[in-house]
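I opened this model to take notes on its helices, its contacts and its charged residues. The entries follow in the order I looked things up.

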Amino acid sequence: MGITRGVMVTVLFGIVLFVMIPIYVPRPSFIPGFAPPPDMWPRVVSMLGMVLGLLLLGLSLSKKTEAIADPDSASEIRGNTPLRTLLARFGLAVLAFAVFVIAVELLGFLLACILLLGAVLVMTGYWRHKWISLSVAVVLPLLLYLFFSNALNTRFPAGTLLRAFGL
């Protein structure tokens with residue numbers, strides 16, 4: 001099972017790196033100063049994904065993981081949670097990312113990230129600590145936005161609703 005996952009992760013990120021990025025991410029002929037090219041970060045993430053897939057593949061081939069992986073481990077991991085509940089949680093996670101994609105267009109990248117992180121914290125059960133969750137959901141995307149926009153001069157989508165109101 002781990003071998004299949006490792007191969008699938010490596011192939012997925014390989015397709016993104018070697019097929020999708022060269023086709024869909026335009027690279028200008030002139031890049032001024034020390035600005036990174038537009039395809040730099042997608043390439044970095046894809047390379048890291050391939051490395052993690054190869055690491056998963058390598059770890060799956062070791063003897064220790066064979067001893068750990070037994071057929072009953074999946075039921076032990078999920079406990080007594082019914083499959084229907086697990087599928088509903090998965091559906092909510094997919095819905096959260098779909099709403100994120102729409103929110104980026106409407107509200108802009110920063111507000112969409114704040115909403116997504118808040119939703120993720122709610123879904124993981126960390127919402128019991130409301131003030132910590134709210135501060136992390138607001139401060140972490142804000143710090144990342146400020147770092148990438150100021151230090152690396154990266155531009156993010158502003159959102160159509162925010163532009164309509166002049167924000």
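**Entry 1: Ala158**

I started at Ala158. Beyond residues up to four places away in sequence, Ala158 touches Leu107, Gly108 and Arg163. I noted that this is a predicted model. Ala158 sits in the loop between helix H7 (130-151) and helix H8 (160-164). I then checked how open the site is. Ala158 is partly exposed, at a relative accessible area of 35%. I also took the distance to Phe109. The two C-alpha atoms are 6.4 Å apart in space, while Ala158 and Phe109 are 49 residues apart in sequence.

**Entry 2: the whole chain**

How many helices and strands does the protein chain have? I found eight helices and zero strands. Along the sequence the pattern reads α-α-α-α-α-α-α-α. The chain has 167 residues, and 17% of them count as buried.

**Entry 3: the UniProt record**

The unreviewed UniProt entry places "transmembrane region" at residues 7-25, 45-62, 109-127 and 134-152. I checked two of these spans in the model. Residues 7-25 are 95% helix and 0% strand, with end C-alpha atoms 25 Å apart. For residues 134-152 the ends lie 27 Å apart, C-alpha to C-alpha. That span is 95% helix and 0% strand.

**Entry 4: Leu117**

I moved to Leu117, in helix H6 (residues 109-123). Which residues does Leu117 contact, leaving aside neighbours within four places in sequence? I listed Val136, Ala137, Leu140 and Pro141. I took the C-alpha distance for one of them. Leu117 and Pro141 lie 8.2 Å apart in space and 24 residues apart in sequence.

Thr10 belongs to helix H1. Is Thr10 buried or exposed? I have its relative accessibility at 14%, so Thr10 counts as buried, the cut-off being under 20%. Leaving aside neighbours within four places in sequence, Thr10 is in contact with Met50, Gly53 and Leu54.

Ser46 is in helix H2 (residues 40-60). Its relative accessible area is 2%, so Ser46 is buried by that cut-off. With neighbours within four places in sequence left out, Ser46 contacts Phe13, Val16, Leu17 and Ile21. A polar atom of the Ser46 side chain lies 2.8 Å from the backbone oxygen of Pro42.

**Entry 5: salt bridges**

How many salt bridges are there? I count two. In one, the side chains of Arg27 and Asp39 meet at 2.8 Å, N to O. Both residues are in the loop between H1 and H2, twelve residues apart. In the other, the side chains of Arg43 and Asp39 meet at 2.9 Å, N to O.

I checked accessibility for each member. Asp39 is buried, with a relative accessible area of 3%. Arg27 is exposed at 52%. Arg43 is partly exposed at 26%.

**Entry 6: the nonpolar patch**

Which residues make the nonpolar surface patch of about 990 Å²? I wrote down Ile3, Val7, Val11, Ile15, Phe18, Val19, Met20, Ile23, Tyr24 and Leu61. I followed up one of them, Tyr24. Tyr24 is placed in helix H1 (residues 2-24). Its relative accessible area is 60%, so Tyr24 counts as exposed, the cut-off being over 50%.

Technical notes:
Residues numbered from 1 in each chain as written. Predicted model: local features only at pLDDT ≥ 70, side-chain atom pairs only at ≥ 80, totals over all residues. Heavy atoms only, no water. Helix = DSSP H or I, 4+ residues; strand = E, 2+ residues; numbered from the N terminus. Buried < 20%, exposed > 50% of the residue type's maximum accessible area, 1.4 Å probe, protein only. Polar contact = N/O pair within 3.5 Å; in protein donor to acceptor, adjacent residues only side chain to side chain. Contact = heavy atoms within 4.5 Å. Patch = residues over 30% accessible without salt bridge, like charges linked within 9 Å, V, L, I, M, F, W, Y side chains within 5 Å. Areas by Shrake-Rupley, 256 points an atom, 1.4 Å probe, with all protein chains shown as cover. Salt bridge = Lys/Arg side-chain N within 4 Å of Asp/Glu carboxyl O. UniProt positions renumbered as here; feature names shortened; annotations may be inferred.
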